[in-house]
Amino acid sequence: MKKAILSIVIITIALVSSIEVNAQNFPKVDVSPMDASAYPTNWRNANKLVKVIYSRPNLKGRSLDKLAPKGKVWRTGANEAAEITFYKEVVFGGKPVKAGTYSLFTIPSDENWIVILSNQRNVWGSYFYNSKEDVVRVEAEVAQDKESIEAFSIVFTGEENDALMHLAWGTTRVTIPVKG
């Protein structure tokens, strides 16, 4: 009987110890989750023209100017700078761009946003932004909408190889044409 109890105690200690050894420390869930948007938007269409990977900050009662300051380079989202991939040569906002992956930065203002494609990659925020790495800069007019969007969002619309990339946050809307 003592051997049986001793065996159960040893097995229990071994199991508890192994659970603690294998436990992982996972960080809290990111409050600005990563998202992706692509064109064509149909997930069944594997022949994409463009895809953007970005993080989605929320206003949470703050002003857009506080999170994306006017006249300053912004990472176009949260956390890492947004990345945009063109799967073939395109005309982005009226300017030719080779196929490839670029960081997407913006400079907000009241009338228009300057949208920047940069060769810099894998950068956190816009802290280390370097204009010497710019591929193109295009201007996109700002429009206002009655509906406010809490989480920064990027979506695409279009037909065939002519797409529009829409940036939206709060009541601000910015649209850039992308032609394949």
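In what order do the elements of the protein chain run from the N terminus on? They run α-β-β-α-β-β-β-β-β-β-β. That comes to two helices and nine strands. This is a predicted model: local features need pLDDT of at least 70, side-chain atom pairs count only at pLDDT 80 or more, and totals for chains, interfaces and linings use all residues. Residues are numbered from 1 along each chain as its sequence is written, and side-chain values use heavy atoms, with hydrogens and water left out.

**The chain as a whole**

- Helices (H or I, at least four residues) and strands (E, at least two) are DSSP runs, numbered from the N terminus.
- The protein chain has 180 residues, and 37% of them count as buried. Buried means under 20% relative accessible area, exposed means over 50%, and partly exposed lies in between (1.4 Å probe, protein chains only).
- The accessible surface of the protein chain is about 11,300 Å². Carbon and sulfur atoms own 55% of that surface. Areas come from the Shrake-Rupley method with a 1.4 Å probe; for residues, only the protein chains shown count as cover.
- Take the contacts (heavy atoms within 4.5 Å) between residues at least 6 apart in sequence: 54% join residues at least 24 apart.

**The cavity**

- Rolling a probe the size of a water molecule over the atoms shows where empty space is left.
- The structure holds one cavity of 30 Å³ or more. On a 1 Å grid over the protein atoms alone, a cavity is a set of points where a 1.4 Å probe fits but cannot get out; lining residues have an atom within 4 Å of a point.
- The largest cavity has a volume of about 30 Å³. Grid points are joined across faces, edges and corners, and the volume is the space filled by probe spheres set on the points.
- Its lining includes Leu64, Trp113 and Phe152. Strand S9 (residues 162–179) gives the most to this lining, with five residues.

**Ala36**

- Ala36 sits in strand S1 (residues 34–39). It counts as partly exposed because its relative accessibility is 45%.
- Beyond its neighbours within four places in sequence, Ala36 is in contact with Val52, Ile53 and Tyr54.
- Ala36 and Ile84 are 48 residues apart in sequence. In space they are 9.6 Å apart, C-alpha to C-alpha.

**Tyr127**

- Tyr127 lies in the loop between strand S7 (112–118) and strand S8 (134–159). Its relative accessible area is 58%, so Tyr127 is exposed.

Notes. 1 Å grid on protein atoms, 1.4 Å probe; cavity = no way out; pocket = protein on both sides within 12 Å on 5 of 7 lines; lining within 4 Å.
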